[in-house]
Amino acid sequence: MPKKRMYVCPIEAAMDVIGGKWKPHILWKIKDAPLRFGAIQEKLPAISQKMLTRQLRALEADCLVSRTEYPGMPPRVEYALTARGRTVIPILMSLKVWADEELKDQINEDGFIV
């Protein structure tokens, strides 16, 4: 059973579920199609295997990501957005649009804030 959490405001709750360094990136990478663990890790080379596992489990516990196992040798696992997870994509898109507009003078062509 998931741990019960107490929040001061709804934004704090939302940031607990979708915030952090990796969760938004993971959600963005699987927004168009389910991906296997290795494919997600390829798209996010800076994340460790342990951290990716931890973040995927947290996203699954919060019902944003589904994990589907397929039989075979070796077994195949895919991660996909749930219906609830898809509701986060417009929020991430809004953040992207805001950053493209408001931070354009601060972000270089490699995506780094200067």
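Strands here are DSSP E runs of at least two residues, helices are H or I runs of at least four, and both are numbered from the N terminus; two strands count as paired if DSSP finds at least two bridges between them. This is a predicted model, where local features need pLDDT of at least 70 and side-chain atom pairs count only at pLDDT 80 or more, while totals for chains, interfaces and linings use all residues. Residues are numbered from 1 along each chain as its sequence is written, and side-chain values use heavy atoms, with hydrogens and water left out.

Now walk along β3 (residues 76-81), which pairs with β1 over two antiparallel bridges. On that side, Y79 is the bridge partner of L35, and E78 sits opposite R36. Toward β2, six bridges hold the antiparallel pair together. There, E78 faces T68 and A80 faces S66. The β2-β3 hairpin has five residues between its strands, and G72 takes a positive phi near 145°. As for cover, five of the six residues of β3 are buried (under 20% relative accessible area; exposed is over 50%, partly exposed in between, with a 1.4 Å probe and protein chains only).

That brings us to the largest nonpolar core, with 22 residues; I26, L27, I40, L56, L64 and V65 have the most contacts inside it. Such a core is a set of buried Ala, Val, Leu, Ile, Met, Phe, Trp, Tyr and Cys residues joined through side-chain atoms within 4.5 Å. At least two residues each come from α1, α2, α3 (37-43), α4 (49-61), β3 and α6. Take L56: leaving out residues up to four places away in sequence, it touches I26, F37, I40, V65 and Y79 (heavy atoms within 4.5 Å).

Finally, what lines the largest pocket? There are 21 lining residues, with P24, H25, L95, K96 and A99 nearest the centre. α1 (10-18), α2 (23-29) and α6 (89-102) supply at least two lining residues each, and α6 gives the largest share, six. A pocket, on a 1 Å grid over the protein atoms alone, is an open set of points where a 1.4 Å probe fits, with protein on both sides within 12 Å along at least five of seven lines; lining residues have an atom within 4 Å of a point.
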